[in-house]
Amino acid sequence: MLELKIELAPQRKEKPPADKLGFGKIFTDHMFVMDYSVEQGWHNAKIKPYEPLELDPSVMVFHYGQAIFEGMKAFRTKEDRVVLFRPEKYISRMTNSAKKLCIPEFDEAFVIKAIKTLVDTERDWVYAEEGTALYIRPFIIATDPYLGVRPSNTYKFMVILSPVGAYYSEGFNPVKIFITDEFTRAAKNGLGDVKTPANYAASLYAGEKAKQMGFTQVLWLDPVEKKYIEEVGTMNVFFKIGDEVVTPVLHGSILPGVTRDSVIQVLRNWGIPVVERTISVDELFEAHAAGNLKESFGTGTAAVISPVGLLRHGDREAVINEGKTGELASRLFDFITGMQYGKSEDLFGWIADVR
């Protein structure tokens with residue numbers, strides 16, 4: 001039976017003002033750490049002061065990339081409760097990532113309890129200002145000091161916390177997206193459907209090229225025919241075509257986003273038709289030419305909803321909704337963040353108190 005030990009930091013960091021947070025740049029006073037070995041299984045679980053890691057240069061994560069991570073958030077509600085949004089869904093997805101990376105199974109209920117305890121310990125870092133949150137980053141790395149291609153026999157499970165503001169500097173405004181058919185992100189049944197560092201490393205080059213051309217992010221096409229929509233940057237993507245909302249079907253190369261799932265459930269609850277299917281880039285531009293491409297937006301934990309105002313593919317360009325944030329994107333953003341900040345009813349049982 002795992003026991004969670006707590007060692008508190010003797011001194012606490014100075015907290016910056018809410019408007020200086022940025023995203024992922026500041027870290028709290030404490031972290032969660034748990035070790036794995038073949039002989040002991042998962043053990044030595046504790047909350048301890050945030051500090052640098054000391055690792056042998058030969059540990060396998062540095063050389064063969066055996067690592068996974070997750071990203072979720074804690075919020076302070078208007079009643080001054082500190083809550084998590086769908087923690088079970090995120091940790092379940094982490095279990096799926098672990099299986100694909102040959103990382104040993106862990107006790108999901110214990111991890112969620114440890115995260116709640118860590119967030120409760122750091123509840124002063126959960127800002128009250130709307131738009132802020134406490135970003136939660138669980139991750140596991142392979143720690144065998146060994147230069148050889150095989151699954152590691154030892155691992156370190158950690159959770160660190162970062163108080164954050166808005167993910168995009170543009171705020172809740174439409175972004176410009178470049179559709180690439182030169183680069184691909186992930187192949188079917190590869191790593192595209194799990195949260196592993198390699199998945200994101202594969203996206204960097206194309207993303208930087210898009211930014212150099214004046215775009216916020218890149219929209220990925222399938223790696224075989226290079227004609228079907230997959231993800232936008234590191235987010236799932238939705239399109240309102242006529243009266244129907246369409247999103248790419250999950251088929252082994254697209255991450256099953258928690259926000260994606262939330263949006264689909266909310267839309268169905270509202271009675272808005274939503275379909276998961278393949279969508280070609282030609283279909284998008286044909287819909288735009290016919291005046292039927294009403295909205296587009298990305299979904300993800302960091303930004304929640306990110307409206308898209310412009311798509312560029314080769315010499316084709318589509319300005320969506322006159323480059324303005326669409327009514328549906330705004331409604332979804334307000335509804336989901338309303339649940340997170342306790343301003344609207346939690347219709348789905350997605351909000352979990354840390355206490």
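**Entry 1: the largest cavity**

I began with the lining of the largest cavity, where strand 5 gives the largest share, three residues. Strands here are DSSP E runs of at least two residues and helices are H or I runs of at least four, both numbered from the N terminus. Before going on, I noted that this is a predicted model, in which local features need pLDDT of at least 70 and side-chain atom pairs count only at pLDDT 80 or more, while totals for chains, interfaces and linings use all residues. I also noted that residues are numbered from 1 along each chain as its sequence is written, and that side-chain values use heavy atoms, with hydrogens and water left out.

What counts as a cavity? On a 1 Å grid over the protein atoms alone, it is a set of points where a 1.4 Å probe fits but cannot get out; a pocket is an open set with protein on both sides within 12 Å along at least five of seven lines, and lining residues have an atom within 4 Å of a point. Points are joined across faces, edges and corners, and a volume is the space filled by probe spheres set on them.

I found four cavities of 30 Å³ or more, and the largest has a volume of about 60 Å³. Its lining includes Met72, Lys73, Phe75, Thr259 and Gln340. Strand 5 (72-76) and helix 8 (327-340) each supply at least two of the lining residues. I sorted the lining into six nonpolar, four polar and one charged, taking Ala, Val, Leu, Ile, Met, Phe, Trp, Tyr, Cys and Pro as nonpolar, Asp, Glu, Lys and Arg as charged, and the others, Gly among them, as polar.

Next I looked up the largest pocket, with about 510 Å³ of space. Of its 29 lining residues, Tyr135, Arg137, Lys195, Thr234 and Ala302 are the closest to the centre. I counted 14 nonpolar, ten polar and five charged residues in this lining.

The second largest pocket has a volume of about 350 Å³. Among its 22 lining residues, Gly131, Ala166, Tyr167, Ala303 and Phe333 lie nearest the centre. Strand 16 (304-313) gives the most to this lining, four residues, and strand 5 and helix 8 each supply at least two.

**Entry 2: the cores**

I then turned to nonpolar cores, sets of buried Ala, Val, Leu, Ile, Met, Phe, Trp, Tyr and Cys residues joined through side-chain atoms within 4.5 Å. The largest has 42 residues, and those with the most contacts inside it include Phe32, Phe106, Ile115 and Phe157. Helix 3 gives the largest share of this core, seven residues. Apart from this core lies another of 26 residues, among them Phe85, Ile305, Leu328 and Trp350.

**Entry 3: Thr132**

Last, I looked up Thr132, in the loop between helix 3 (108-121) and strand 7 (133-142). Is Thr132 buried or exposed? I logged Thr132 as buried because its relative accessibility is 4%; the classes are buried under 20%, exposed over 50% and partly exposed in between, with a 1.4 Å probe and protein chains only. A polar atom of the Thr132 side chain lies 2.5 Å from the backbone oxygen of Glu129. Not counting residues up to four places away in sequence, Thr132 touches Ala18, Leu21, Phe75, Tyr127, Val164, Gly165 and Tyr341, where contact means heavy atoms within 4.5 Å.

Note on methods:
Polar contact = N/O pair within 3.5 Å; in protein donor to acceptor, adjacent residues only side chain to side chain.
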